[in-house]
Amino acid sequence: MKRAIIVSIAILLATAAVHHAVAQPHMGGSEMRQHITAAEQYLNLTDAQKASWEAALTDVESQNATTMAKAHTAQKQLNEALSAASPDACSVGNLAIQAHAAMDQLKNAHETLVTKLASYLTPDQKSKFDAYVAAAMAQHREAGPPPMH
């Protein structure tokens, strides 16, 4: 009985950790590119600014491709582990930690990208960009966490 309670609590805590990990603001590559394109149009960027943004985005994508794959794999494995008839609390917990760590890395990369993109803007564009980013992040949070595959 005591073991069943401990396993139940461990699974509950792991599930909460998973929810926290996937609820962190993060975007997939195509969604990020859509936001970048919309922001470019909204800010009326020059061709030189667009080229700088493209280089920054390509750099971030290439640097974080492995982390993105790790995050996706960890979330998929976690979903599978939680779907098992009798989930192993230790495995679920370890997978939740891995997913959370990968999401933290992606969140940091996203923040770095936003800072870099802002560095190419005029003061007027930067004010508009800050508002755009805040609105996009609020909309992303309202949509909730992405589905786990």
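Begin by selecting Trp53 in this predicted model, and show what surrounds it: leaving aside neighbours within four places in sequence, Trp53 is in contact with Ile36, Ala39, Glu40, Leu43, Leu45, Leu117, Tyr120, Leu121 and Phe129. Trp53 belongs to the largest nonpolar core, which has 17 residues, and is one of those that touch the most other members, together with Ile36, Leu43, Leu113, Leu117, Leu121 and Phe129. Helices H2 (29-43), H3, H4 (89-118) and H5 (123-143) each give two or more residues to this core. Apart from this core lies another, of 5 residues, including Ala81, Val92, Leu95 and Ala96.

Next, colour helix H3, residues 47-83, and follow it to Asn64, where H3 bends by about 55 degrees. Among the buried residues of H3 are Trp53, Asn64 and Ala81. Then pick Met68 in H3, which is partly exposed because its relative accessible area is 30%; Met103 is 35 residues away in sequence, yet the two C-alpha atoms are 8.2 Å apart in space.

Now select Arg33 and look for its charged partners. Which side chain meets that of Arg33 in a salt bridge at 3.0 Å, N to O? It is the side chain of Glu54, and because Arg33 lies in helix H2 and Glu54 in helix H3, the pair ties together parts that are 21 residues apart in sequence. Arg33 also forms a salt bridge with Glu61, where the closest N and O atoms are 2.8 Å apart.

Finally, move to helix H5, where Asp124 and Lys128 are 4 residues apart and therefore separated by about one helical turn; these two form a salt bridge with closest N and O atoms 3.9 Å apart.

How values were computed
Residues are numbered from 1 along each chain as its sequence is written. This is a predicted model: local features need pLDDT of at least 70, side-chain atom pairs count only at pLDDT 80 or more; totals for chains, interfaces and linings use all residues. Side-chain values use heavy atoms; hydrogens and water are left out. Buried means under 20% relative accessible area, exposed over 50%, partly exposed in between (1.4 Å probe, protein chains only). The bend at a residue is the angle between axes fitted to the seven residues ending there and the seven starting there. A nonpolar core is a set of buried Ala, Val, Leu, Ile, Met, Phe, Trp, Tyr and Cys residues joined through side-chain atoms within 4.5 Å. Contact means heavy atoms within 4.5 Å. A salt bridge is a side-chain nitrogen of Lys or Arg within 4 Å of a carboxyl oxygen of Asp or Glu.
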